[in-house]
Amino acid sequence: MGTADSSSRGKVHNRGLLLKIFGLGALLLAVAGCNATTCSTANCEAAPVAVAAADVGPATTAKLQDPDDVKYYRSDEPLRMAIEHFNRGHYGIAERYFRDATEKAPKDPTAWIGLAAAYDRLARFDLADRAYVFAIRLVGETTEILNNQGYSYMLRGDLVNARRKFLKAYEREPGNPTIANNLQLLNSSSRFIQRAPAQ
């Protein structure tokens, strides 16, 4: 019996709320329908009425968004996949993902530096140089770029330019272990190649 009473109270409450809303609307129409200075009861035209919002809850209609208001954030999936494949040693696949990342976000220096490193590993040094140029335009000649360029020159066999880049990077960050390791690798590479004696 307690449930029947609560449900009947809810119906009575809802009817009372509807009657209040309709009564408020009728009152607004009656008041706003005529202006005392310009209209008589005989020639009164109905004017547009601004109906006050009833306290019935949140609006259910959605506002259309202007396309300029919508923000689109590009996915970093190509860059993530490129780094993952590069770390696995899949340089050809990494190059494709890095290239995709630079096309989707041309102002991302990480994508350009990664693309250059992938080209270095594929021995496409001409393309690596171009990618380094784009990265330098975006962030300047950073320690990371100097180190990578030094490694690129070392892979080409240009040990003089490699040393110059490594030393410039080392001056900026003398405590960087990667640069120190690359300098040590360069020093061991700069010795003459041991060949079997001619017979």
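Of the 18 residues that line the largest pocket, Phe86, Ile113, Gly114, Ala117 and Asn148 are the closest to its centre. Two or more lining residues are given by each of helix H2 (77-88), helix H4 (109-121), helix H6 (143-156) and helix H8 (177-189), and H4 supplies the largest share, with six residues. By residue class, the lining divides into eight nonpolar, seven polar and three charged residues, where Ala, Val, Leu, Ile, Met, Phe, Trp, Tyr, Cys and Pro count as nonpolar, Asp, Glu, Lys and Arg as charged, and the others, Gly among them, as polar.

Residues are numbered from 1 along each chain as its sequence is written. Because the model is predicted, local features need a pLDDT of at least 70 and side-chain atom pairs count only at pLDDT 80 or more, while totals for chains, interfaces and linings use all residues, and side-chain values use heavy atoms, with hydrogens and water left out. The pLDDT, which is the predictor's confidence in each residue on a scale from 0 to 100, has a mean of 76 for the protein, and 58% of the residues reach 70 or more. Over residues 26-54 the pLDDT is below 50, and this stretch has 16 contacts in the model beyond near neighbours in sequence, a contact being heavy atoms within 4.5 Å.

The protein contains eight helices and zero strands, and its pattern along the sequence reads α-α-α-α-α-α-α-α; helices (H or I, at least four residues) and strands (E, at least two) are DSSP runs, numbered from the N terminus. Of the 199 residues, 24% count as buried, where buried means under 20% relative accessible area, exposed over 50%, and partly exposed in between (1.4 Å probe, protein chains only). Among contacts between residues at least 6 apart in sequence, 40% join residues at least 24 apart.

A nonpolar core is defined as a set of buried Ala, Val, Leu, Ile, Met, Phe, Trp, Tyr and Cys residues joined through side-chain atoms within 4.5 Å. The largest such core has 20 residues, of which Phe86, Phe98 and Leu115 touch the most other members. Two or more of its residues come from each of H2, helix H3 (91-104), H4 and helix H5 (125-139), and the largest share, eight residues, is again that of H4. Leu115 is in contact with Glu95, Phe98, Arg99, Thr102 and Ala131 when neighbours within four places in sequence are left aside. A second, separate core of nine residues includes Tyr153, Phe166, Ala169 and Leu186.

Asn147, in helix H6, is buried, with a relative accessible area of 10%. Apart from neighbours within four places in sequence, Asn147 is in contact with Phe166, Ala169, Thr178, Ile179 and Asn182, and two of these partners, Phe166 and Ala169, are included in the second core.

Tyr97 is placed in helix H3 and counts as partly exposed at 29% relative accessibility. Not counting residues up to four places away in sequence, Tyr97 touches Pro78, Met81, Ala82 and His85. The C-alpha atoms of Tyr97 and Ala111 are separated by 9.1 Å, at 14 residues apart along the chain. Ile83, found in helix H2, is partly exposed with a relative accessible area of 35%, and its C-alpha atom is separated by 9.1 Å from that of Ala111, 28 residues apart along the chain.

The loop between H4 and H5 holds Ala123, whose phi is near 60°, a positive value in a residue other than glycine; at 47% relative accessibility, Ala123 counts as partly exposed. Asp126, in helix H5, is also partly exposed, with a relative accessible area of 46%. The C-alpha atoms of Asp126 and Ala116, 10 residues apart along the chain, lie 9.6 Å from each other.

Notes
1 Å grid on protein atoms, 1.4 Å probe; cavity = no way out; pocket = protein on both sides within 12 Å on 5 of 7 lines; lining within 4 Å.
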